[in-house]
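Look over the sequence and the model, then read the points below.

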Amino acid sequence: MSALEKSKPEEGLWMVQAPVPEIGPDDVLIRINRTGICGTDIHIWNWDDWARSTVPVPMITGHEFAGEIVEIGKDVDGLHIGQRCSGEGHLIGHDSRQSRAGKFHLDPGTRGIGVNEQGAFAEYLRLPAFNVVPLPDDIPDEIGAILDPLGNAVHTALSFDLLGEDVLITGAGPIGIMAAAVARHAGARNVVITDINPDRLKLAAHVVPTVHTVDVSKEDLHDVIPKLGMTQGFDVGLEMSGNQAALDQMIEALVMGGKIALLGIPPGKSPVDWSRIVFKAITLKGVYGREMFETWYKMIAMLQNGLDVSRVITHTFDVSDFALGFEAMKSGRSGKVVLNWR
Ligand code: NAD
Ligand code: ZN
């Protein structure tokens, strides 16, 4: 089969011929239809310090996918050949205290497809049946291929009750923009999204017309607060940039007793104004991945009930043009980039 592989420990990815994976009794084989390119894949392409210290070579990359089941392990129940699906790319063990308590997303032994295990940028993917998420007929493969990052947005946005709340999102990357759509869907009062990249803010307004965008390189976030009828500040913050200045700004712009869910990953150690958090009585929550499988359940329910994130997909390429897809992602001007494998 064709697969997009990190074949050598240097910059780039290569289209190679690899054997179709063999499945075990608890696995399924999925024929891939569409995949999404993630920031993680860009790190792997660039072969930065994180990738070098994390990803063994050779490795088939990719973890955002939609496809169709073509083979089923002998101990698997409840799935059928031809079933359209996406799936959770975090592979977990079942022996840890967290897993045994049903908190699968907190298993300390989590391994990622396309990072620690062979990934989804291939014609076929082996996946434990446990990780499969069937796709309803009304969710197309393009959306199926971005459920992983939409799940990050949903997990973060639903960390705190948003109904009637004023929500600040820092970072209008694809995940921040999708979080804005989710916050709206969940009944937030004002949703404000910040960035320093005007293209990203334009995209945010295109995907979520009711969101208020702020270019923090030009505008002061504090000027926006009274304009939107807020007296003190934001009730909930969703940090989606991984940028130190954005988090500092968020802490400042929050009400006393405000809540912050942190998804963005800073490039290294970064200082926080700890006493501000104490004296403002702020609740902080780190968010990793998606809740298995509550996030998937809620995200599909929202998609079937009016949540529309389709416009966040700005580029679709045939997989033979994968280099163009990576170029679009690296430009910092795209939303989600989808590759077509069929
Ligand atoms: P992205 O890099 O496409 O978007 C981040 C955005 O933040 C960019 O548009 C950038 O211009 C903006 N930004 C930079 N400085 C800013 C500032 N001072 N104020 C406001 N915005 C600023 O990333 P993405 O794919 O949308 O992902 C969002 C974040 O979530 C990334 O940091 C990513 O690494 C992280 N992530 C975390 C998890 C997890 O499980 N915790 C999973 C996926 C992604
Ligand atoms: Zn991803």
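**Briefing**

Lys227 counts as exposed because it has 9 C-beta neighbours inside 10 Å. The scale runs on C-beta atoms placed from the backbone: a residue is buried if 20 or more others lie within 10 Å of its own, exposed if 12 or fewer, and partly exposed in between. This is a predicted model, in which local features need pLDDT of at least 70, side-chain atom pairs count only at pLDDT 80 or more, and totals for chains, interfaces and linings use all residues. Residues are numbered from 1 along each chain as its sequence is written, while chains are lettered from A and ligands numbered from 1 in the order in which they are written.

**Lys227**
- Lys227 sits in helix α8. Helices (H or I, at least four residues) and strands (E, at least two) are DSSP runs, numbered from the N terminus.
- Between Lys227 and Leu307 lie 27 Å, C-alpha to C-alpha, and they are 80 residues apart in sequence.

**Domains**
- Domain 1 covers 2-146 + 309-340, and domain 2 covers 153-286. These bounds come from an automatic or database domain assignment.
- The contact involves eight residues of domain 1 and nine residues of domain 2. Contact means C-beta atoms, placed from the backbone, within 7 Å.
- On the domain 1 side, two residues are nonpolar, three polar and three charged. Ala, Val, Leu, Ile, Met, Phe, Trp, Tyr, Cys and Pro count as nonpolar, Asp, Glu, Lys and Arg as charged, and the others, Gly among them, as polar.
- The domain centres, taken over C-alpha atoms, are 28 Å apart.

- β14 runs parallel to β11, with four bridges, and parallel to β15, with five bridges. Strands pair if DSSP finds at least two bridges between them.
- Val167 has Val236 of β14 as its bridge partner. Phe234 has Leu254 of β15.
- Helix α9 (residues 244-253) has buried residues Ala246, Leu247, Gln249, Met250, Ile251 and Ala253.
- Their cover includes β11, β12, α8, β14, β15 and α10.

**Ligand 1**
- Of the 27 residues around ligand 1, the nearest are Gly171, Gly173, Ser241, Gly242 and Asn243. A residue is near if its C-beta atom, placed from the backbone, lies within 6 Å.
- α6, β12 and α9 each give two or more residues to this shell. The most come from α6, with three residues.
- The shell divides into 12 nonpolar, 13 polar and two charged residues.

Conventions
Two residues are in contact if their C-beta atoms, placed from the backbone, lie within 7 Å.
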